[in-house]
Amino acid sequence: MLTQASPNLLTKFREGGDCTVNSGGSCVSASTMAGPTINDSSMSPSVCSSTISAQPTPPSDVQRCGPKKRERVIKRIFWGIEVAEELKWRGWELGKETTRNLVLKNLSSKIQRIKYRPPKTKFFFTAIPQPVFLSPGITFTIPIVFRPLEKKEYLDQMWFEKEEGTFTVSLRAILPCHKLVCPPSLQLPMCAIGDTVEAWFCLENVGDLTTFFTWELPSPFQIFPTTGLLEPGLACRMKVVFQPFVAVVHEVEAICSYGKDSRQKSSIQLQAIGKCAQLLVSIRHKRSEDKDTEGPQKVLHFGPVSVGSIAERQIRLHNPSSVNAPFRIEMVSDTLSKEQAFSCSKSYGIVPPGERKCVSVFFHPKTLDSKTVEYFSILPAGCASQTLLQVVGFCRGPVVSLQHYCVNFSWVKLGEQSEQTLWIENQSRCLAHFQFIIDCQESVFNISPTFGTLVGKVRLTLHCTFQPKHPNIYFRRVACLIHHQDPLFLDLIGTCHSETIKPVILKPRHLTWYRTHQVRGLVSYPPDILTAMLREKKLARDANGALMLPNEGTENAPALQFPGIPPMTEFFFDGTSDMTIFPPVVHVEPAEVDFGACPGPETPNPIPLCLLNHTKGKISVVWTRRSNCPFWVTPDTFDVPPLKSMALRLHFQPPSPNSLYAVELEAFAVYKALWKYSNIEEDCTVSPPWCLKVQVRGHSYNAVSEHRIPQYALDTPKLFPAVPSGESSYRSLLLENKGSDLLTFNLTPKSSSDITLRPTSGIIAPGAHQIFMISTHPKGTSWKQHLFYLQFNFYPQYLKEVSMQSREEPVQLKLDTCKSIYFKPTWVGCSSTSPFTFRNPTRLPLEFEWRISQEHLKTLTVQPSKGIVHPNESLTLSWIFSPLEQTKYLYRVGMWVWEAGRNLNTKPQSATHYMIRLVGMGTTASLAAKVKELDFGNVLVNSRQSRDLVLLNEGNCTISYRLVLEQTSPEGLEHDLPALQLDRSEGSMPPRSQDTIGLTACPKHRFQYSWTISYSLLSHRDNKVSEKQELCHVSLAAVYPLLSILDGYSMGSTEGITRKYLWRLFNLDTLNNYLAHEPTPKELTYKVPTRHSISQMPTVLTPLNLDFNFGAAPFKAPPSVVLLALKNTGVVPLDWAFLFPSDQQLDIELWAEQVELNCAELHQMRVEDNCLFSISPKSGSLCPGQEQVVELKYSHLFIGTDRLPVLFKVSQGREILLNFIGVTVKLDQKYVHFASTDHSFIPVRIGDALPPRQVSDLDRLHQQQVLTVDRCVSATAVGS
């Protein structure tokens, strides 16, 4: 069935043509940019956030939508009269009359007179026309009747006349039709590849019929709904979804088909831009060990973290692009472990444009003293490259120690007690739970507190009490269990004397001798036999005083010593089970008894026990019993002959119903001879007693009573620690009693037989905790599941299932290659590098070592050649190939891998061997220049010019080179800075490639320079350099800009001056001579025209000084004009300029200007302010050979002599000071102008009768002026 668009997606037309969204949204009714909807909950919703869907079905099943269409009437105003622009007739039928009203309304403030004419056709008619008078605000209705005769479209008009003019109203009768309209175009926002944006527009039904529509558009656009049914007069909000896959501009046309047989079309142009989002990853609050350099991999170090705690660090994601950057954070699938220690706060998200987002990474370690490495992959959407984040952390556990590990109470009298203290300390910052495995209520020894929790760096005082009930010697080795640490052991020794029985006083050295005797097999002999054997020389004593056989203690047969037993091994192999290190010489069976339910009133039957004496001496046994203990053993004191056993009875009498009971009964067995110290002749024969322990439990609940509900917390890991083949794995568990009642526990028989749990039963006080040690011996490299069940409060329903897994960790690495490495062709004498990556997939740190044969060490090396790779860590090595000759090389190299920390020589069978194949080829190489002769051409002195030298490596190997620059001409400039520089002199080029070296020329003198560039190939292995070979030649010509005056021409007041005299007035020959020479260093202080002075008369930096004499003329005479032709006679373009003093001054504030000026400065200011001297143009540029005319003008505005220093500056060249001189005299004033006040005669021979006539030109102002020469002239003779 076709589902009609939901009503909240439909809109009605206003009369103004806009759309009104019923649900509070808005529709795009024109070609505008739509607001986006971003697929992220953090983003703001779009203007049209709902989605609609429709599916096509036969029209008979269509559900039609809501209200009927309302006519849209467009009104206009003609000279104050409001009237409809057009009247339409819809839905008419043949033969029937249909009437519509035309309303006129007076909107003006005066009475309006209107005439109208009826329609021309016979199909529209109205009442007889007559004048209409409309008062202000009054409306007038004209009924118009339409009577059709055939089914077609009709069109007519009504004419209205006013004083101001006429206007018409169209009359139209139309047939029913389909018509859908939409905006011509829709611009969607930019979108990142892999992301999605949405936009909305309105599809309007402006026709008369209910219309079915279908949309067609290409990828990557989608439109919803693709099909639908739209009632007349309604609009549907269409959602456009843009999801680009390439970063290009997308412009497609969406076509809407509708009408009969979908022949009618409407279209909308969709435009959007797909962009690549960029995501920059950095480490927040970076530490020194972190690696946050630019590249595809980052390293985040957590450092040491306490076991069971959670550490947090953050990475920062920055989106510098202009679109959203969606991302995902995933664990690298190839490195997933069964027990992950790292997690991320977000697995996906979006970083808005230009913003930063911080993501937390958590480290919650569970494996002690191990370095954990894992990898996160940060994947931006689309084509952006991913970033690999390596996270590294170290798990740190508690470090708990005791002040000393033996408490000696010496001896006490019967009925007395002794107390000593020692401290327990946690040297780590990690929280530590500890518990002493002893039932202090049922023992002669008491430790307070028995359990507790140590925060980091804390020391706690323990109180140890000794209160014996019988005269005897006492020794008990108590295990102190620590969560997440190996157990500690505390030896408690003491002796009790009575008036009649005074046993030997036990001392710590006796314990040391006893452990040595255990190894040597002497503990089963009583003191009297050992004394006799020592007397008969069958035994001897070693350096420490312990007994040994006489043939021991030599170099060939050294005496056995007590080995160092790991704490976990000693705890589990203590003789209470089938597995033991030293078989017990005295023990009791069974070691654990469960009375079960004993509700009474009958006394439960006692359970038999058997005590076995495997020694060769008589022993005495004393049971420790508390007076109100519900469990006891009979008899409590007795003797057992050598190699005999004794039957005992264990009794249980619960004192109260509905109670739980669990205790540890204690007995001490000692050689009978030790009860009297006088029996002991040799102190080394004293043996400590054996402490016998029996775990007993029971309860007094009847079958129908409900047991107390346990409330506890059990900290259970999922995996056993990693161990190599043939070793046992140990782990600790923590059980806490969270309730207010006692909590008993016991290991059920249906637990897996391949695990060992200690203790297997016990009772926990409210608020206390119990520490378990669990062990297994993994077999095989596949994971094996271990199940064990803890029953609480003796009730089968209170059962806790614990599942753990273990396996032997294989000694293996995962190589990323197919055990083959190929080097690229390498130049003989150079080196090439190839990476080699492998990963440690196990949970053990592995040590590796590469072994290369001695003959291959000269050509093949690896860095590093040995090291440690931690669990789950990937390591990349570098193989370095350095061929010695032009041939093909083939290597086979082995790598040995074994467990880190073990000696490979002691257990070589535990190592794994890998062989890889390496292939390389040695070849020759050379370097060439693309251009053998590189010419800079003409370069200005002291300027900089750059060229590119293209190097070609046409060989098959990568080469490293060094360039050498040698100047061949001119000579004698060794102390100057080099005129040619290379931007770099060393580099590396891959095969069949080119490289570009920048050459910069900066000549300091006018010379013809030439250089030779040579190259040498470098060997990075032994730092050798090949012979130097010529590469190319470089040349340049260093020049100055050359400018000369071609000619001069005078006009105005100086028009009559001859050309020769003009050259003399302006010293043009001297000026050309100056311009032809090199500039002095001071002239090049400012290479181009520069404002550098704050004085009215700037400092002159040039020694050249010339006069430009404009001659003399009367007041207000025409200006004296001189035209000079300038030509660039050099080979480089040049810039020239005439600088007035004001052109060289800096712009300074008024307060900094000089207040008082001298006469010369005032005169200069007057000349410049009145523009007495002017130059046009004042500056210019000339290419080589180009000419330019400069006009110099002097205006005769003031009477007197005017002077102005003008600096003539050629950029990068000469700088000449020109003194502009002009004279203005009064009208009719007689004045002779001399070009110079000095005249030099040509040489005349002494005694010459006819000396030559010499002429000096004079300039006069008027033709009528008469000159008189005074002959009385002083002369100065100059002779040689």
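**Close-up 1. Arg328 in strand β26.** Arg328 sits in β26, a strand that spans residues 325-331. The model is predicted. Arg328 has a relative accessible area of 40%. Buried would require under 20% and exposed over 50%, so Arg328 counts as partly exposed. Its side chain makes a polar contact of 2.9 Å with the side chain of Glu330. Beyond residues up to four places away in sequence, Arg328 touches Ser347, Tyr348, Ser377, Ile378 and Leu379. Gly349 lies 21 residues from Arg328 along the chain, yet the two C-alpha atoms are 6.7 Å apart.

**Close-up 2. The second largest pocket.** This pocket holds about 1,400 Å³ of space. Its lining counts 50 residues, and Thr367, Leu368, Ser370, Pro721 and Ala722 are the closest to the pocket centre. Four elements each give at least two residues to the lining: strand β30 (371-380), strand β40 (485-497), helix α3 (567-572) and strand β53 (729-737). By residue class, the lining of the second largest pocket splits into 21 nonpolar, 15 polar and 14 charged.

**Close-up 3. Ser993 in strand β76.** Ser993 belongs to β76, which covers residues 993-1001. A polar atom of the Ser993 side chain lies 2.5 Å from the backbone oxygen of Pro990. Leaving aside residues up to four places away in sequence, Ser993 touches Leu951, Leu952 and Asn953.

**Close-up 4. The buried residues of helix α5.** Helix α5 runs over residues 1068-1076. Within this helix, Leu1068, Leu1071, Asn1072 and Leu1075 are buried. Why do they lie on the same side of α5? They cover an arc of only 100° around the axis, and that puts them on the same side of the helix. What covers these buried residues of α5? The cover includes one helix, α4 (1059-1065). It also includes the strands β80 (1043-1052), β81 (1105-1114), β82 (1120-1128), β87 (1200-1210) and β88 (1215-1225).

**Overview. The chain as a whole.** The secondary structure comes to six helices and 90 strands. The chain has 1280 residues, and 46% of them count as buried. Among contacts in the chain with a separation of 6 or more, 71% are between residues 24 or more positions apart.

Methods:
Residues numbered from 1 in each chain as written. Predicted model: local features only at pLDDT ≥ 70, side-chain atom pairs only at ≥ 80, totals over all residues. Heavy atoms only, no water. 1 Å grid on protein atoms, 1.4 Å probe; cavity = no way out; pocket = protein on both sides within 12 Å on 5 of 7 lines; lining within 4 Å. Points joined across faces, edges and corners; volume = space filled by probe spheres on them. Nonpolar A, V, L, I, M, F, W, Y, C, P; charged D, E, K, R; others polar. Polar contact = N/O pair within 3.5 Å; in protein donor to acceptor, adjacent residues only side chain to side chain. Contact = heavy atoms within 4.5 Å. Buried < 20%, exposed > 50% of the residue type's maximum accessible area, 1.4 Å probe, protein only. Arc of directions from axis to C-beta.
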